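Colleague: I have questions about how the terms in your description were assigned. Please give the cut-off with each answer.

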Amino acid sequence: MFLARVVGEVVATIKHGDLHAQKLLLVQPVTPEDEATGRPAIAVDSVDAGPGDLVIVADEGNSAAQVLRRARGPVRTVVVGVVDEVEGGGAAR
Amino acid sequence: MHFARVIGTVVCSVRVPSWRGHRTLLLQPTDPGGKDLGGRLVAVDLVSAAPGQRVFYVRGREAANALPDPDNPADAAIVGIVDEVRQGGWVRPAGGRG
């Protein structure tokens, strides 16, 4: 899993059947210090997260299948938690 | 899943039978705004995308799972066509359908 900031939503009418009726969020991976790192990704929302939220994102097919309660499909990136606070973090500075 | 722009079609006279009925397209990954990002790749198309369109794709084992029969060797699959990316304000995708 990784920490990310929800920075937007993706609207797609034509998409794989397993993505129908799923909210697609644009997530920017961040460090525990909340600095952007790496490339943004599109994730399926499972916790009713919204723009601006700091979230935990799982990027693995079995995790996605379990969270979305369905057989393994094409989804691997899912928002699985909204972060209230990150304590510590051991930043190398 | 990540953003990309369809930049071509990859036509094969010989191909694994498990991809029958699905085209292989050439993708240029992009950032959410449509700017090129990283190297091009070949992906199996699940949404009848066309060159110039903005799409999103999945990589890894889940790409094969996108096909009706998951017993196939795909490691990248196009699973959606981007209408709009809402990032603060509404951003119109370049090369979209409208």
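Colleague: How many bridges join strand β1 (residues 2-10) of chain B to β4(B), and do the two run parallel or antiparallel?

Modeller: There are 4 bridges between them, and they run antiparallel. Two strands pair if DSSP finds at least two bridges between them, so 4 bridges qualify. One of the bridges sets B:Arg5 against B:Arg54 in β4(B). A strand here is a DSSP run of E with at least two residues, a helix is a run of H or I with at least four, and both are numbered from the N terminus. The model is predicted: local features need pLDDT of at least 70, side-chain atom pairs count only at pLDDT 80 or more, and totals for chains, interfaces and linings use all residues. Residues are numbered from 1 along each chain as its sequence is written, while chains are lettered from A and ligands numbered from 1 in the order in which they are written.

Colleague: What makes β4(B) and strand β5 (residues 76-81) of chain B a pair?

Modeller: The two strands share 5 bridges in the antiparallel sense. Among the facing residues are B:Tyr57 with B:Ile78, B:Val58 with B:Ala77, and B:Phe56 with B:Gly80. On its other pairing, with β3(B), β5(B) has 2 bridges in the parallel sense.

Colleague: Why is B:Pro32 called buried?

Modeller: B:Pro32 has 24 other C-beta atoms within 10 Å. A residue is buried at 20 or more such atoms, exposed at 12 or fewer, and partly exposed in between, with C-beta atoms placed from the backbone. The count of 24 is past the cut-off of 20, so B:Pro32 is buried. B:Pro32 is in the loop between β2 (24-29) and β3 (41-45) of chain B. Beyond four places in sequence, B:Pro32 touches A:Gly8, A:Leu26, A:Pro40, B:Phe3, B:Val85 and B:Gln87. Contact means that the C-beta atoms, placed from the backbone, lie within 7 Å.

Colleague: What makes β4(B) and β5(B) mostly covered?

Modeller: In β4(B), 5 of 6 residues are buried, and in β5(B), 6 of 6. Over chain B, 41% of the 98 residues count as buried. B:Tyr57, B:Ala77, B:Ile78 and B:Val79 are among the residues that touch the most other members of the largest nonpolar core, which has 50 residues. Such a core is a set of buried Ala, Val, Leu, Ile, Met, Phe, Trp, Tyr and Cys residues joined through C-beta atoms within 7 Å. Contacts of B:Ile78 beyond four places in sequence include B:Leu25, B:Ala43, B:Val55 and B:Tyr57.

Colleague: How many residues of chain A are in contact with chain B?

Modeller: There are 23, in contact with 25 residues of chain B. The largest share of the side of chain A, 5 residues, comes from β1(A). By class, that side has 12 nonpolar, 6 polar and 5 charged residues. Ala, Val, Leu, Ile, Met, Phe, Trp, Tyr, Cys and Pro count as nonpolar, Asp, Glu, Lys and Arg as charged, and the others, Gly among them, as polar.

Colleague: How do you know that chain A is as compact as a globular protein of its length?

Modeller: Chain A has 1 helix and 5 strands. Its radius of gyration is 13 Å, close to the 12 Å that the globule rule gives for 93 residues, so chain A is as compact as a globular protein of that length. The radius is taken over C-alpha atoms, and the rule is 2.2 Å times the number of residues to the power 0.38.

Note on methods:
Contact = placed C-beta atoms within 7 Å.
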